[in-house]
Amino acid sequence: MVGAEQLHSREDTIAAISTPAGEGGIGIIRISGGKALSLAQNIFHPKYPQKDFDSHRLYLGEIRDPADGDIVDECLMTFMKSPNSFTREDVVELHCHGGTVVLQRTMELLMRNAIRQAEPGEFTKRAFLNGRIDLSQAEAIIDVIRAKTERGLRLAQVQLKGGLKDELALMRGRLIHALAILEAYIDFPEEELDPNALAGMDKDINSSISFIDKLLSTYEEGRVLREGIHVVIAGRPNVGKSSLLNALLMEKRAIVTSIPGTTRDTIEEVINLKGIPINLIDTAGIRETEDIVEKEGIKKARDKLNEADLILYMMDERGLNADDFKVIESVTGRKSLFIINKIDIISDERANEIKSSLPGDDALSISLKAGKGLEELKDAIFNSVMKHKADRLPSVIISRKRHKVSLEFARKSLERSINGINKNLPLELIAIDIKEALNNIAEVAGETTPDDVLDKIFSDFCIGK
């Protein structure tokens with residue numbers, strides 16, 4: 001794969017519109033590179049002539065076309081001198097009026113002026129390559145932008161401030177200390193291995209394994225907070241699926257009638273449930289039918305069940321029939337919650353009878369009409385995907401598969417090193433395992449990450465960031 005750095009030089013001066021498309025009060029164009037200020041001055045003319053531009057100060061002026069002096073916009077310009085900028089390069093920002101034509105015209109003038117259009121995420125990539133942030137912090141930037149809930153935003157902000165980076169640095173320090181002891185004995189084989197030094201090395205490695213285990217245990221929760229989960233509401237017609245969707249949304253989104261088969265298509269809405277972004281999906285009632293349109297809706301319902309992270313399977317006073325059991329059997333092993341609706345009209349004896357027919361865990365009892373059991377259902381949804389309570393999440397969490405895989409490899413290498421110590425294997429072999437673990441940990445920070453992986457990570461960013 002040809003990396004972006006091979007297609008474009010890091011010496012290029014780049015520019016991009018950094019604010020969303022459409023009308024707004026302000027539209028910002030960001031320019032970065034060694035010639036950012038001199039090239040920007042070709043089109044920016046300050047209201048009050050300046051011999052020099054001070055860093056981190058706003059200047060009022062006009063954008064003019066160098067060809068004919070035509071005024072494009074009145075704007076503010078700020079210059080941020082290297083290395084005190086986001087990219088650690090010279091950076092200029094033009095704060096124009098937020099209109100599509102104004103911004104596009106300004107960009108055209110810059111493009112004519114030996115400035116290149118920035119690639120997606122190229123500003124952040126330069127910040128990473130210039131050592132301002134590590135790769136985990138770069139990933140946190142896109143997580144901040146895309147955060148769906150306040151809790152997800154807080155998680156991203158901790159990582160952006162270097163929470164994960166600092167913790168990994170401490171662990172690497174312990175392992176480097178252990179490796180230094182090993183290499184000292186490898187270089188001076190005539191020296192006897194000090195039992196106290198060996199015990200200290202063993203302690204450093206085991207504490208690193210414990211810390212990796214702690215981080216790995218946070219992955220599922222971190223992923224849920226960053227990406228959210230798909231929750232599918234399923235069941236026979238008229239058990240209250242659409243009513244449950246409306247209740248969780250706190251608005252009448254789905255049509256509710258007593259006529260079976262009212263819902264013919266899936267309805268998807270996103271809610272924030274205790275800090276978890278949830279894509280809530282209402283599906284057509286699953287049953288045998290000859291109605292062609294309803295059949296298509298049922299097919300979609302089955303497809304959504306296969307994609308679900310959590311299934312809310314609903315029933316009412318009628319309990320389960322053959323259609324229900326077929327569906328339940330098809331999702332055996334999947335994370336599910338059984339819900340008995342209309343509990344206000346069901347006797348305790350009938351409720352217990354329905355529960356006894358269910359596979360696995362007990363069912364939740366609710367009455368959407370009477371407003372009973374909804375908060376308990378929300379708690380059950382949260383607890384089904386989160387180990388920690390909403391207000392007791394770990395301070396540092398990993399949320400990306402890349403981090404998880406690298407740490408898993410590091411753990412395996414450290415386990416091999418411990419086994420090597422216990423079996424009195426040659427010190428050179430134990431050192432190789434510790435070095436592999438250090439390389440795997442360094443991948444999280446981006447110190448040993450291949451170019452094609454870097455290109456993929458930064459291609460997920462928007463242009464202008």
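**Ring contacts and buried helices**

In this predicted model, the charged end of Arg30 sits over the ring of Phe123, 5.3 Å from its centre, where the criterion is NZ of Lys or CZ of Arg within 6 Å of the ring centre and within 35 degrees of the ring normal. The model being predicted, local features need pLDDT of at least 70 and side-chain atom pairs count only at pLDDT 80 or more, whereas totals for chains, interfaces and linings use all residues. Residues are numbered from 1 along each chain as its sequence is written, and side-chain values use heavy atoms, with hydrogens and water left out.

Rings of Phe, Tyr and Trp (its six-membered ring) were paired if their centres lie within 6.5 Å, with planes under 30 degrees apart taken as stacked, over 60 as edge-to-face and the rest as tilted; the count by this rule comes to three aromatic pairs. Phe53 and Tyr59 form an edge-to-face pair, because their ring centres are 4.8 Å apart and their planes stand at 80°. The pair of Phe128 and Phe458 is tilted, at 6.1 Å centre to centre and 35° between the planes. Since Phe128 lies in helix H4 (residues 122-129) and Phe458 in helix H17 (residues 451-459), this pair ties together parts that are 330 residues apart in sequence; helices are DSSP runs of H or I of at least four residues, and strands runs of E of at least two, numbered from the N terminus.

Helix H10 (residues 241-249) is mostly covered, with seven of its nine residues buried, that is, under 20% relative accessible area, as against over 50% for exposed and in between for partly exposed (1.4 Å probe, protein chains only). Just after H10, Met250 takes a positive phi of about 60°.
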